[in-house]
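Open the model in your viewer and keep the sequence panel beside it.

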Amino acid sequence: MFKTTNLTAGEKISLVNEITKIGIQDTPLTSLLMAKGLVGKANGTVQTWREKSLDTTSDVGAIEGSETPVFYESARAELNNILEIFSKGVSISGTQNAINVTGQGNVFSGEVADRLLEIKVAMEKAFTSGTRNDASLTPFIRRMDGIEKWAHASNLLTGAASGIVTEDEVKNTVKKLWAQGNQSGQYFALVNADLKEKIDALYKDKYSYIAQQNVFGLIVDTIRTNYGSLNLVLSRHASVDKMTIFDASLLSLDYLRQPEFEALAKVGDSVRGLVTAEATLRVGSKKGVAQYTLKA
């Protein structure tokens with residue numbers, strides 16, 4: 001729990017535990033990764049990794065007693081994403097800092113908690129629909145690619161009719177992940193409100209559409225298919241015409257700097273501080289991400 005006693009002058013205070021617990025419904029992707037422990041460490045402004053991949057040789061039969069084994073090696077592409085800095089300052093007057101608001105306590109502590117939630121929402125937006133910028137172009141701010149930019153080219157599907165989504169199109173998008181050899185059978189889909197309403201209408205009064213109130217703290221609706229279970233997660237940060245499906249076990253939230261509060265020097269009759277985080281989204285394999293686009 002974040003308390004006013006945390007605010008020790010001149011000290012950096014980790015907020016990594018606090019950020020896990022707040023704003024879950026407004027930050028579904030970030031909260032999901034944190035709840036599943038899918039958090040890693042970065043060591044630079046660009047996070048680089050090798051794609052998770054398996055060899056696809058179909059015939060691996062061998063002669064009995066063979067002394068010349070055949071050696072195999074997975075083709076592992078090098079992938080990377082940009083580390084993005086999230087920062088918000090806090091400044092209040094000495095008078096405000098001396099006031100204890102009923103139900104909140106210290107005003108400065110409440111302001112820090114609000115800024116932390118706002119940073120988590122900003123991170124969620126970047127993780128979902130961010131577009132890469134290596135800071136070589138204006139406004140010279142490093143930005144990451146969100147999950148919507150990571151779907152493999154062969155995992156893209158566009159609706160056949162303008163403004164209409166069909167049950168087969170939903171299932172065929174999930175099937176693309178199955179065809180790529182993904183083994184979890186449990187997928188999550190980020191979808192905005194209007195497209196979610198269209199999908200809800202497909203399964204109205206059908207037993208195959210299951211409401212689950214709690215999946216790692218998220219409210220989801222689950223579609224059972226032959227190719228795996230699809231957990232639909234409502235996200236205000238998802239593009240209005242896209243449903244992005246992913247195997248969560250392939251993702252990681254990688255921090256260079258975990259969320260933290262740092263007290264700044266007092267200037268006159270004001271109390272100031274800074275809430276920061278620096279992170280990126282790591283996608284183990286593009287083959288674990290699929291995307292459905294509603295035809296315009």
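Two rings of Phe, Tyr or Trp (its six-membered ring) are paired here if their centres lie within 6.5 Å, and a pair is called stacked when the planes are under 30 degrees apart, edge-to-face when they are over 60, and tilted for the rest. By that rule there are four aromatic pairs. This is a predicted model, in which local features need pLDDT of at least 70 and side-chain atom pairs count only at pLDDT 80 or more, while totals for chains, interfaces and linings use all residues. Residues are numbered from 1 along each chain as its sequence is written, and side-chain values use heavy atoms, with hydrogens and water left out.

Select W178 and Y227 to begin: their ring centres are 5.4 Å apart and their planes stand at 50°, so this pair is tilted. W178 belongs to helix α5 (residues 167-179), whereas Y227 sits in the loop between β11 (218-225) and β12 (228-234), 49 residues apart; helices (H or I, at least four residues) and strands (E, at least two) are DSSP runs, numbered from the N terminus. With a relative accessibility of 47%, W178 is partly exposed, a class that falls between buried (under 20% relative accessible area) and exposed (over 50%), using a 1.4 Å probe and protein chains only.

Next, select F188 and F246, whose ring centres are 6.4 Å apart with planes at 25°, so the pair is stacked. Because F188 lies in strand β9 (residues 186-191) and F246 in strand β13 (residues 242-246), the pair ties together parts that are 58 residues apart in sequence. Are these two residues, F188 and F246, buried or exposed? Both F188 and F246 are buried.

Now centre on M123, which, leaving aside neighbours within four places in sequence, is in contact (heavy atoms within 4.5 Å) with I19, T30, F86, L253, Y255, A277 and A279.

Finally, show the whole chain, which has six helices and 16 strands, and in which 43% of the 296 residues count as buried.
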